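Dear colleague,

I am passing on the structure we talked about, and my notes on it follow below. Please read them with the model open beside you.

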Amino acid sequence: MPRPTNARAEAGAFFRIDRFLVPQAARAEFLSRVLQTHRLLADQPGFLGDHVVERAAASDANEIVTIAVWESEEAVVSARKAVQAMHKAAGFDPGSLFDRLEIKAEIGNYAPLSR
């Protein structure tokens with residue numbers, strides 16, 4: 001379940017924002033993996049909160065965006081290692097899943113603009 005974030009806590013935060021175009025037939029399997037990953041992320045040092053949002057992109061696909069908020073870029077690097085270890089232990093290859101389910105992904109790290 002996505003956790004609410006606190007704007008004050010996010011003042012110096014770092015964001016991981018990933019956008020996926022997911023065929024309708026792949027939605028359930030994909031979301032199962034996403035939610036499993038986000039449960040792991042929630043236990044990582046520096047995690048501030050997350051959101052998983054969705055909109056219809058086409059009659060046969062949805063756009064799913066995941067947003068994870070971190071204290072720092074270093075926290076993201078550390079969390080990525082934890083996710084990779086979880087995938088390795090489970091024998092799971094995300095790239096193969098994306099290929100098999102025809103999921104397109106845009107992955108990115110973002111820092112807040114100075115205001």
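Which residues does Gln 44 touch, not counting residues up to four places away in sequence? In this model, which is predicted, Gln 44 touches Trp 70, Ala 79 and Ala 82 once those sequence neighbours are set aside. Gln 44 is found in the loop between α1 (27–42) and β2 (47–58), and it counts as buried because its relative accessibility is 17%, the cut-off being under 20%.

Turning to the aromatic rings, a search of the whole structure finds 4 aromatic pairs. One of them joins Phe 20 and Phe 98 edge-to-face, at 5.7 Å centre to centre and with 70° between the planes, and it links strand β1 (residues 14–23), where Phe 20 sits, to helix α3, where Phe 98 sits, 78 residues apart. Phe 20 counts as buried, at 6% relative accessibility. Phe 30 and Phe 98 form a tilted pair, 6.3 Å centre to centre with 55° between the planes, and since Phe 30 lies in α1 and Phe 98 in α3, this pair ties together parts that are 68 residues apart in sequence. Both Phe 30 and Phe 98 are buried, and Phe 20, Phe 30 and Phe 98 form one aromatic cluster.

Technical notes: Residues numbered from 1 in each chain as written. Predicted model: local features only at pLDDT ≥ 70, side-chain atom pairs only at ≥ 80, totals over all residues. Heavy atoms only, no water. Helix = DSSP H or I, 4+ residues; strand = E, 2+ residues; numbered from the N terminus. Buried < 20%, exposed > 50% of the residue type's maximum accessible area, 1.4 Å probe, protein only. Contact = heavy atoms within 4.5 Å. Phe/Tyr/Trp six-rings, centres within 6.5 Å; stacked < 30°, edge-to-face > 60°.
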